[in-house]
Amino acid sequence: MSWGTELWDQFDNLEKHTQWGIDILEKYIKFVKERTEIELSYAKQLRNLSKKYQPKKNSKDEEEYRYTACQAFLSTLNETNDYAGQHEVISETMTSQITVELARYVQELKQERKSYFHDGRKAQQHIETCWKQLESSKRRFERDCKEADRAQQYFEKMDADINVTKADVEKARQQAQIRHQMAKDSKADYSSILQKFNHEQHEYYHTHIPNIFQKIQEMEERRIVKIGKSLKKYAELDQEVIPIIGKCLDGIVKAADSIDQKNDSQLVIEAYKSGFEPPGDIEFEDYTQPMKRTVSDNSLSNSRGEGKPELKFGGKSKGKLWPFIKKNKGATPEDFSNLPPEQRRKRLQQKVDELNKEMQKEMDQRDAITKMKDVYLKNPQMGDPASLDHKLTEVNQNIEKLRVEAQKFEAWLAEVEGILPARGEQARRQSGMYDTQNPPAINSCAQDRESSPDGSYTEEQSQESEVKVLATDFDDEFDDEEPLPAIGTCKALYTFEGQNEGTISVVEGETLYVIEEDKGDGWTRIRRSEDEEGYVPTSYVEVYLDKNAKGAKTYI
């Protein structure tokens with residue numbers, strides 16, 4: 001059973017079949033790879049689960065683990081952690097012994113297959129070339145024979161014609177002889193090429209193709225054996241960790257068997273026993289005898305009036321709230337123009353610092369390469385200085401890119417700092433705004449802390465209460481306010497996409513009404529219609545105040 005003899009005419013089908021075999025092998029590699037990822041993810045989740053329920057140091061949980069049931073639970077957590085480690089072992093061994101090895105084998109298999117089919121195509125092209133030569137010589141022999149017959153007939157016709165000169169007859173005779181000689185040569189050439197083609201064809205079908213197909217068959221059989229071994233290894237790797245996993249489970253069973261309910265009950269007694277004797281019988285009090293009774297010091301009436309004073313929120317501040325309370329929507333622009341000025345300045349400053357830090361790293365790397373190059377120049381045997389030129393050029397390019405990027409963000413930062421008011425004045429204005437709002441939030445936090453069952457208090461509760469108060473005041477303020485009168489007009493210099501709460505979108509060249517000037521925070525309040533109003537950056541508009549304000553025209 002040989003592909004070379006049985007499938008001698010199935011070159012294309014063998015090419016498809018061997019490619020299908022490689023696809024199957026790659027599919028199996030992908031399967032094992034995904035299995036390793038699942039094992040690794042499962043192990044990670046088990047470790048996180050075990051860590052989540054581990055007792056925290058210096059906490060009340062440590063006292064609970066005096067009990068045998070809690071100790072058994074702790075042992076279960078530890079065994080679960082070890083159990084997760086075995087799934088990590090499965091993932092690592094399958095990756096190294098199956099995935100990596102088969103990936104390398106697939107590359108070798110592709111190269112080998114490519115080489116064999118290249119030889120096969122080369123043999124095909126050679127036999128096709130020989131066939132074309134045979135056909136060409138055959139057509140040339142046929143053409144020369146026809147030309148010789150026509151030349152002979154022309155000579156006989158000229159020889160029989162008495163009106164033709166002897167010179168013309170001799171010329172026709174010579175031409176006929178030349179044509180006959182050409183036909184004879186073509187015949188010999190055709191015969192030689194035919195013999196050569198038959199020899200090449202015999203070699204092609206009985207030697208070259210069988211040898212190539214035999215090698216392809218051996219390659220394909222090796223691939224099949226390789227898959228079988230990998231499948232066996234796949235099962236063996238699981239079997240190797242089963243005993244260790246069994247030990248982990250045995251440890252959990254042993255921990256469960258170690259639970260002693262009597263011991264735990266005794267620990268409860270030791271933990272909460274007061275040492276007092278139970279109270280005796282209550283004596284009968286005879287109310288038929290007159291007696292003067294006083295109110296007991298521990299009467300409940302004394303404590304009836306005691307209680308925590310009810311905390312009430314103060315009046316709502318009518319100060320102007322910042323219009324951006326909700327989170328930003330959509331993608332963040334590169335220049336952070338969607339943020340309020342102060343937040344934008346912080347983000348831009350942070351970006352500049354990051355770029356400068358990256359630039360410093362690149363400069364340190366450049367200095368290191370320069371020093372290494374100097375060492376190579378002084379000691380050529382240690383290395384070629386020219387080999388560092390490419391890396392040095394690359395580092396310099398990176399530095400230049402970072403410098404350009406930093407200059408861009410520094411320009412935006414300078415623009416923001418130019419429209420921001422002085423830090424002290426802004427801080428005072430923000431402080432004054434929040435002073436009227438923070439006391440209710442603080443009282444709310446105090447009330448939540450006192451009413452908490454366990455007396456705990458976290459900063460998150462304070463922040464949550466504060467955000468609720470701010471959002472409520474903000475909504476009420478805009479609901480209660482009457483529409484402000486227009487104090488002028490403005491023309492949009494640039495298009496602005498108002499994606500945040502309280503802003504409004506404008507189109508370049510659009511004219512709108514100004515209802516509130518810039519208070520120093522970089523935002524101007526405008527109105528398009530009675531129902532459409534909001535804030536836009538002052539730098540995006542050209543403001544024209546009321547005509548009564550003579551010459552009041554502001555360019556930002």
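Contact here means heavy atoms within 4.5 Å. The structure is a predicted model, in which local features need pLDDT of at least 70 and side-chain atom pairs count only at pLDDT 80 or more, while totals for chains, interfaces and linings use all residues. Residues are numbered from 1 along each chain as its sequence is written, and side-chain values use heavy atoms, with hydrogens and water left out.

**Overall composition**

The chain has twelve helices and six strands, taken as DSSP runs (H or I of at least four residues for helices, E of at least two for strands) and numbered from the N terminus. Of its 556 residues, 30% count as buried; buried means under 20% relative accessible area, exposed over 50%, and partly exposed in between, with a 1.4 Å probe and protein chains only. Among contacts between residues at least 6 apart in sequence, 72% join residues at least 24 apart.

**Helix packing and the nonpolar cores**

Helices α4 (residues 68-160) and α5 (residues 166-257) pack at an angle of about 170°, their axes lying 7 Å apart. Axes are lines fitted to C-alpha atoms, for helices over the stretch in contact, and angles run from 0 to 180 degrees between N-to-C directions. The two helices are therefore roughly antiparallel, a term for angles over 145 degrees. By class, the contact of α4 with α5 has 45 nonpolar, 17 polar and 24 charged residues.

A nonpolar core is a set of buried Ala, Val, Leu, Ile, Met, Phe, Trp, Tyr and Cys residues joined through side-chain atoms within 4.5 Å. The largest has 36 residues, of which Leu-25, Met-94, Ile-98, Phe-213 and Ile-216 touch the most other members. Elements giving two or more residues to this core are α2 (11-52), α4 and α5. A second, separate core has 17 residues, including Val-352, Tyr-376, Leu-392 and Phe-409.

**Selected residues**

| Residue | Contacts (heavy atoms within 4.5 Å) |
|---|---|
| Ile-216 | Trp-3, Thr-18, Tyr-116, Phe-117 |
| Glu-532 | Ile-504, Arg-527 |

Glu-532 is found in the loop between β3 (523-527) and β4 (533-537) and counts as partly exposed, at 37% relative accessibility. Its C-alpha atom is separated by 7.6 Å from that of Ile-504, 28 residues apart along the chain.

Thr-80, by contrast, is buried, with a relative accessible area of 18%. Thr-80 has its place in helix α4, where its side chain reaches the backbone oxygen of Thr-76 at 2.6 Å.

Notes. Angles under 35 degrees count as roughly parallel, over 145 as roughly antiparallel, 65 to 115 as roughly perpendicular and the rest as oblique. Ala, Val, Leu, Ile, Met, Phe, Trp, Tyr, Cys and Pro count as nonpolar, Asp, Glu, Lys and Arg as charged, and the others, Gly among them, as polar. A polar contact is a pair of N or O atoms within 3.5 Å; within protein, one must be able to donate a hydrogen and the other to accept it, and residues adjacent in sequence count only if both atoms are side-chain atoms. Lists of a residue's contacts leave out its neighbours within four places in sequence.
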